[in-house]
Amino acid sequence: MAIDGLIVLDSANARPIVQTSFRSFPPAYPLLHINAYSSAVAKAVRPEDVDPVLLVTLPDEPTACCHLQHRSLTFLCPISGDLDPLYAFTFIRTFLNILIEYFGEVTAPVLRDNFDIVHQLLEETLDAGGHPLTTAPNALRDIVLPPSLISKILSVTGVTGPSGPSTNNLSAFSSPIPWRKAGLRYNHNDIYFDIVETLDAVVNKNGTIITSSVLGKVDVNCKLSGTPDLLLTLTNSHTISEPSFHPCVRLNRFAQSKALSFVPPDGRFTLMEYRFDPSASKPGAAPALTAAAAAQLQVQVPFTLRASLSITDHGGAFELSFTPRAGALEDVAVELYLGSGATGATCTCRKWWQRVDVRARAAHAALVPRALRLRNPRCHPFRLRAGYGARRCGARSRAGMRTRAPRARRRYRSRCLQGALLSALKIDQLKLSGETYKPYKGVRGRALGRVEWRVEWKGG
Amino acid sequence: MSGQGQDAKFFQRGKIQEFRQELQIAETKDKKFTKRKTVLKKIVANITMGNDMSALFVDVVQCLGTPLLEIKKMVYLFLINYGRAKADSIHMVIPNFLQDCNDRNPLIRALAIRTMSYIPIPVVLDNLTEQLRHHLKDRDPYVRKTAAICVAKLYAADPRKAERGGFVELLRDLLVDSNATVVANAVAALSEIADRPDGVVFKLNLTVANKLIAALGESSEWGQIYILDSLLRYVPETHADAELIGERISVQLQHANSAVVLTTIKVLLYLMNYMNNRTLIEHICKKMGPPLVTLLSSGPEVQYVALRNILLIIQRRPTVLKNDVKVFFCKYNDPIYVKLAKLEIMYRLANEENVKEVLAELEEYASEVDIDFVRKAVRSIGRITIKVEAAADACIRSLLSLIETKVSYVVQEAIIVIKDIFRRYPGRYEGIIPKLCENLDALDEPEAKASMVWIIGQFANRINNADELMDDLTYNFLEEPIEVQFALVTAAVKLFIYKSSSDPVKALVHKVLKWTTEEVDNPDLRDRGFMYWRLLAINPTVAGEIVLSEKPAITNDADRMDRGALDQLLLHTGTLGSIYHKNPETFIRGAAGRALADSPALNPLSRQVLVPVQRSGPSAGPLVVPGPGPIEPGTGPVASSPLPLNTSKPSPPLPPDSATGGLLEGEGSGGEEDEDEDAGFAKRRSGVGAYPVPTDPYASLDTAFGNRTQDEQMDAMPALMMPFI
């Protein structure tokens, strides 16, 4: 039950930036995994299509290599035992989140600049045997000093600043609660709740919703002193189903009273994730599971899209009309994948539509837009006409002789933002016990829509 | 390596000198040890970049006396890296180790024992064993938790010493520690020890299991995973125990960490084997569905692992996600491996009620742009046609409409599946043959072409111009790929049997057989040619009976996994085994096999299919596990036959490569059934991703069924080969 180690690669040249020492393995071990990963990427049509769990056939023993991409970085996590790959993935995610906590933007140059900190973090989060050690960000902050302007100046001038891992400050380890250190102090005791709901839907060409689901997430930024014990009650909590919680939430308590009782970690964390189930809002609804499929249809997509697309040998033309349903949508983007040979798109759009071409990522097709993306910062009903040119390109058929016009996808993907929550979930009350102060509570909710709209496709 | 390597070495030596000097300077005048800190930082950076710094051993070790944690940490890091290589000078450090082991600061105590446990040298280990005993009872939980892991390391270095020192017992005592993290680490250490081939047995009883569950609430997510996983070592004695524990851990399904959720599901699936209460089992199954679905809203890598596991789980416990087929509909920006995994599940979940939706969705996918995905979608339509009889008409309609798109790879894929549909529903859809024949020119892939040729040969009596078509098709006979050649030979013979009076047909058959026997290099094809020729020469009527004999209808039975194998695989839920649908001991060395343990509480049904655990030797040869992507030619057969039978089985007369091609036709008697089930889906090596075929785990389990299966296979083998000998 332990991973072998972690390698952080620069995706641009597949060279390691930081890696654990792999002490109990042959020296070539990490390199073999890096090679296996890069050759798999080279083989794949798109880098994101590589299997996330690669089987690496080493001469003496096959192992698996879990990998995860984050911007210009690739995290590799070799595992040689029969281990849960999710364990590796969650560790990578956790480590990535720690890096984000420390550096904000996590890119290859940032990691190179802060090499010593990254390495210390790696040493503290993963012991040489592959067991995660301290992964709670606030406990780590005690051991590894985050980069700050002061520490930089101090290191340049050569003066020792506040001695980083102070030997007598062991609050991180003496705390009985693994995710919260003891003895925190804040001048203002604030806690902010940020509820984001994401609508994921697929709409077919007749405008009927095929699948839709609403996932909600409660992010918290907690700046409270001491060891507060919070009790959070929600209104409309019956509309949420399948909740999953941060380890700090007492699960049994939620099962009894639908209230969240927890001692929060310090700083940012995700308190809860849930699914919005509109069928549950009606009293006496059928059992959740059987009705779920039917009920999901009730979540309305907040806009309608009428679109047609016709494709000829030398390009195509499409027409798009967008009508928001009631409510204030904020930031709308529509994206259409034009096929791998598309050359350039022209569209007549009014000023509130910005055109953003998503260019092909492959180097050899650097100038060929593969997808057309339109953004509308405000949201007006709108009609749009556009056309694009296309190069005929060799189909990937085995004979390799035929050519065909690039095929645009029959899908529009659109994203939009809305100020109000879909589930009408509200935070009712926040009770604090264990401390004497009264915290300030801030709540914000917004909804995000990701809709795939299928359209008719003519010609070919 | 010559010039550049030398340069690098030279460069390094210079650096080492430089560091040494800096360290020496630092010794004299170093306010607050800043200088030492900087040098050590540089050294550590060099170590992590792979430069050998071991020459500095003596100099670095001198810094150990510095009462600064940061410096100690870096020196220890240095020691971990080079301690083993510098075994002869390690004795210099021992006093420092011992001093730090008794430091007032728990962080330093823990650091010291941790470092010692990483240096598996007798001197160090001897001293460690002395110290570790106290540290396992240290009053600081951080030290205890570190000590627990150190025991596992000690055990790995010297099992005897660890056992003699009574450390395993001490670890067991930690299982009931008051601190949850300590408990979790003790569990992790014990599991690590028990998973070693020479390790001790680690089993839990009800009291300890309950204690562990109580510690779940306060542990970190990693600790929870260790604890939950260790619950698989608890064998319930009564139904009630299993049910109670199942209920207690089921709250963990609401955990935010996906690994915790999947481990919980694994334990629940395991415990269900020991439960008797139907309603409770149903209830737990229902509870497992939503968290699994929730995993699908995470990143693609988590989705992939979840999907592969869902595929296993729904085969054993179909109620888990019975009504949720829509959740598995593909989003257009899903990575291809997620899409393919979803398709497989959609196929599994398709039944008479939801087939309409599924079919509409698959048709939609068939118009997508990813070629691999489109092929797999078309193939799924074909598989559903075979699985759900009620939907066959609708499926055929949609396949025909797909053929009309004239998109080359769609047409080819459709023809491949239609071949199997003809086998499944004989006499129902032959009316569409003319439509298929219109697309003859579009076929450029061997598999599609071979399928079309099979159709023409099989139904030559219904196709008026079959002889003309065959004449066209055989025009380039010698240039065709081997599987098409096989198909052509057989089709020509079938045509001859149907239309033996026609002169052009006679000429055609003669021409083809002559080519086969005289100009073809492939021995199997040549043998097949000779065989047909003789059959036809000796007695054409008998030849007709053999070649056109009744074919057993295709079923999807081969898709289903054996219950016992499935139960065993489910014990590995979430692990590599479940990703590749193979028992891990067959492809990961050192992986311990897991099996359901018998107990009075074991379900009678589960006991029936109980597979005893086997510790397999090193697997024979490299094993290639097919991922969900396209399978490269040549890797397929290896993957599907890691049979440990090679000694007991007469070696097949055909090399596996051509055997598949040869059997593709699947006429004759004996091995027919065996072959056809697979030929439909599993063994396709050209074309799109045959999934890690469902028959796989089965294959790797062969020895597990004892001699019975082996004998059967021995019997089956000669029959399978008969037509070719």
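The legends below describe several views of a predicted model.

**View 1. Chain A as a whole.** Chain A holds nine helices and 24 strands, where helices (H or I, at least four residues) and strands (E, at least two) are DSSP runs numbered from the N terminus. Of its 460 residues, 54% count as buried, a word that here stands for under 20% relative accessible area with a 1.4 Å probe and protein chains only.

**View 2. The open sheet with strand order 10-8-22.** Three strands of chain A form this open sheet in the order 10-8-22, with antiparallel pairing, and two strands are taken to pair if DSSP finds at least two bridges between them. Strand 10 (260–262) and strand 22 (426–433) of chain A each have a single partner strand and stand at the edges, so one side of each is left without a neighbour in the sheet. Strand 8 (residues 229–235) and strand 22 of chain A run antiparallel and are joined by seven bridges, and L234(A) has I427(A) in strand 22 as its bridge partner.

**View 3. Strand 9 beside strand 11.** Strand 9 (residues 240–245) of chain A is mostly covered, with five of its six residues buried. Four bridges join strand 9 to strand 11 (residues 267–276) of chain A, and the two run antiparallel; within strand 11, F276(A) stands opposite I240(A).

**Notes to the views.** Residues are numbered from 1 along each chain as its sequence is written, and chains are lettered from A in the order in which they are written. In this predicted model, local features need pLDDT of at least 70, side-chain atom pairs count only at pLDDT 80 or more, and totals for chains, interfaces and linings use all residues, while side-chain values use heavy atoms, with hydrogens and water left out.

Technical notes
Buried < 20%, exposed > 50% of the residue type's maximum accessible area, 1.4 Å probe, protein only.
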